[in-house]
Amino acid sequence: MARRKKPYRPNPPLTLLLAWLIPGAGHVCIGRPLRGVIIFLVICATFWAGVGIGGVMTVDPRAAGAERWWFVSEMLAGVHGIVGWQRQERVYRKVTSDLPDSIGPFNRAEAESRRVYAVNKALADKGLALVYPTDVVARAYAGIAGLLNLLCMFDATALAMMGTFGEPSRKRKTGTEEG
Amino acid sequence: MIAALFVNPVNLSPTSQLWLMLPLFLSAAIVHKTIRTGNLRRLWRDVAFLFTVYMIGGTIVLALVLWLVMTHWPSR
């Protein structure tokens, strides 16, 4: 007697991890490769359009105040966010390597604020500083790419938890509709 | 030149940021419909509808409402 093959059930934690790391990979995991490819291309294009507009400082973990939330959302774009962050770190280290470690005989807070000013000035001198309105557009693109990936992560993981695999079955058309 | 594009920021005018919302809307529409649509054959039709009617239409309606509020808001 032939044994019936067990239907494949995607692993939700693995789906979540892959969906975060490579946008669209979660949908490939749940048997929807075409959707995965579309998601990957769109999120990749949106994220790198943001970096193209804003330059290397778009993904900035040192951004002050509410701007820091953009960094969090950019990190949701997985490998794109990580690559953007590492590029920014490399350029930031290169720019700040010329600056002195301590600036003048000031207290700690004063010295820190002067250092921030010196870093911003060095970035501006090299033409890397993000200014209005470019910063708004660039961070919106890169950040929204991350948020769109969050949406895809939720979708892929929820479907994996329900044990869904493959495209949804279409209802059969009836009568004259069938072509 | 392409390498410089991803290092140095582009100079944008304040009005251009409004036009740059359109590709962002399109991205959101494509991703949303890619995960929501039951039939991928209908994807581009659904994206076109969401993009034009809900996103562009909704933005225009919102802009009109805000313009009316700003223009006719009773001043003290």
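Analyst: Let's start with a word we'll need: a residue is buried if 20 or more other C-beta atoms lie within 10 Å of its own, exposed if 12 or fewer, and partly exposed in between, with C-beta atoms placed from the backbone. This is a predicted model, where local features need pLDDT of at least 70, side-chain atom pairs count only at pLDDT 80 or more, and totals for chains, interfaces and linings use all residues. Residues are numbered from 1 along each chain as its sequence is written, while chains are lettered from A and ligands numbered from 1 in the order in which they are written.

User: How many helices does chain B have?
Analyst: Helices (H or I, at least four residues) and strands (E, at least two) are DSSP runs, numbered from the N terminus. With 0 strands, the count for chain B is 4 helices.

User: What percentage of chain B counts as buried?
Analyst: The C-alpha atoms of chain B fill a box of roughly 55 × 40 × 15 Å along the principal axes. Out of its 76 residues, the buried share is 14%.

User: Which residues of α3(B) are buried?
Analyst: What covers the buried residues here includes α3 and α7 of chain A, plus α4 (43-72) of chain B. The buried ones in α3(B) are Ser27(B), Ala28(B), Ala29(B), Ile30(B), Val31(B), His32(B), Lys33(B) and Thr34(B).

User: How far apart are the end C-alpha atoms of helix α3 of chain B?
Analyst: The expected span of a helix is 1.5 Å times one less than its number of residues. Helix α3 of chain B has 16 residues (21-36), so it should span 22 Å. That agrees with the distance between its end C-alpha atoms, 22 Å.

User: Which element gives the most to the side of chain A that touches chain B?
Analyst: Two residues are in contact if their C-beta atoms, placed from the backbone, lie within 7 Å. The contact takes 31 residues from chain A and 22 residues from chain B. On chain A's side, the elements giving two or more residues are α3 (33-54) and α7 (134-161). The top giver, with 12 residues, is α3(A).
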